[in-house]
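User: Please walk me through the terms used for this model, setting each one against its definition.

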Amino acid sequence: MAFTFKGGIRLDEHKNTARSPIVPITAPSVVRIPLSQHISTACVPCVKVGDLVCKGQVIGQTQEGEGCLIHASVSGKILEISSITDAQGRQTESILIENDFEDRLSDAPAPCDKDLRTLTPEQIVEHIRLAGIFDAGTTPLPAFEKLSHAIGKADKLIVNCTECEPYVTANHRLLLEHPEQVVGGIKILLRALSLRKAYIAIEDNKRDAVKAIAKLDFDPEMIRICIMKSKYPQGDEGQIIYALTGKELPFGKPPADIGCVLFGAETCAAIYNAFAHGEPLIRRIVTVDGDGVDSPGNLLVPIGTPVSDLIRFCDGELSSINTIISGGPMRGQALCDTDSPITKDTCAILAFSKKQKRTPEKEGSCIRCGKCVESCPMQLVPRELYRRFKKNDLTGCEKYGVLSCTQCGVCSYVCPARLELTSKIGSAQTLLRSAPKKDTASPESSESERKEQS
Ligand code: SF4
Ligand code: SF4
């Protein structure tokens, strides 16, 4: 029987590109590379306007050695260092590089020519740090930070190959076309963690990917493939851990605190490529889909490529597009600029035409049907959080565990009254996180109260 978790929903999959092979696109004439591509520390530029850079050269780093290094995805000349607004609406510095199309390669990082068995965990962590690899899980973090935190604490390595958002098939294609890269990365992670076995979590709608992995020649004791029920949000860390181990991830704690560490399939492949080929993270697979493009597909894209290039490549007409989403439809961000750059965490670009434009439905009144409560994967009571937020009762929201909401969007999706549950709960979280700390009940302490009310 497939592994699963409590709550969640079945969504229409729209996996239209599951059979579309990964196609590399030509690097554009200019790339714009943001210096902050995740929630960890932002980088500062270590190049200046007019410098010539090689492909793979470090162009952004943090002073404290935290965060992901940022590398040039093309060789060329630094044209500009300026501020842009990213997909989350934050201001971030970015570096504009004019591509010279000479593909001059940086000699660092170099491939690792040592036998994996002779490497220490610290050497592996450092190699991953130098390659600027980022893990876009529920808690997006530089892969080396996640790994170093888990060394000595985690006894279960879980590789997240679920890809539960509709439309997105980038991971699925990676598993079908390059399973050896994913397994190669797993071997490196196992060595760093001093573990013998990894668990690959893969949804039951990707049986062909299971076969592709199983065909590889590896010690069967080293990898266990775990078939997960196709359900949203199966890919969330807390849900995978619960499904596989029965353990609940305490609010605000990293998985390593309960003995688990999770990495995405694309992170494993990036780690393998950094060790085998000395390749830093300068390109990624992006699914492009939606009715705004005539030829949806999976593209291998240099970081910093404008979104508009991907849409044109897939035969989309920018003037007929109404909405562009970076990521999946449930958790993705609507982009306001078609020239926004592809970043290390862009798994999909979804373009929807004006025909698909929907007038937002008016919010009705809660009919206490209980659907939001039944479906919430975090066992929260969304209707109560919404009601308390509307009454400006933030203390009540906190008591009802608002901070453990993962913003999965399930409650809004199922609500027949079309209440904007997720966005209101998100607003309550923002207000609470920005408010000065006071002595209010923790989500854990109010667990029984929440369940009682539900
Ligand atoms: S799903 Fe909507 S209508 Fe039903 S209980 Fe929740 S908030 Fe109320
Ligand atoms: S958005 Fe938050 S409250 Fe709503 S279902 Fe997801 S976890 Fe639960």
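Analyst: The shell around ligand 1 divides into 10 nonpolar, one polar and three charged residues. This is a predicted model, in which local features need pLDDT of at least 70 and side-chain atom pairs count only at pLDDT 80 or more, while totals for chains, interfaces and linings use all residues. Residues are numbered from 1 along each chain as its sequence is written, and chains are lettered from A and ligands numbered from 1 in the order in which they are written.

User: What makes a residue count as nonpolar, polar or charged in the shell around ligand 2?

Analyst: Ala, Val, Leu, Ile, Met, Phe, Trp, Tyr, Cys and Pro count as nonpolar, Asp, Glu, Lys and Arg as charged, and the others, Gly among them, as polar; on that basis the shell around ligand 2 has 11 nonpolar, four polar and no charged residues.

User: How do you know which residues surround ligand 2?

Analyst: A residue is near a molecule if its C-beta atom, placed from the backbone, lies within 6 Å of it; 15 residues surround ligand 2, and Cys-376, Cys-405, Cys-408, Val-410 and Cys-411 are the closest.

User: Which helix gives the most to the shell around ligand 2?

Analyst: Helix 13 does, with three residues; helices (H or I, at least four residues) are DSSP runs numbered from the N terminus, and helix 13 spans 421-434.

Conventions. Helix = DSSP H or I, 4+ residues; strand = E, 2+ residues; numbered from the N terminus.
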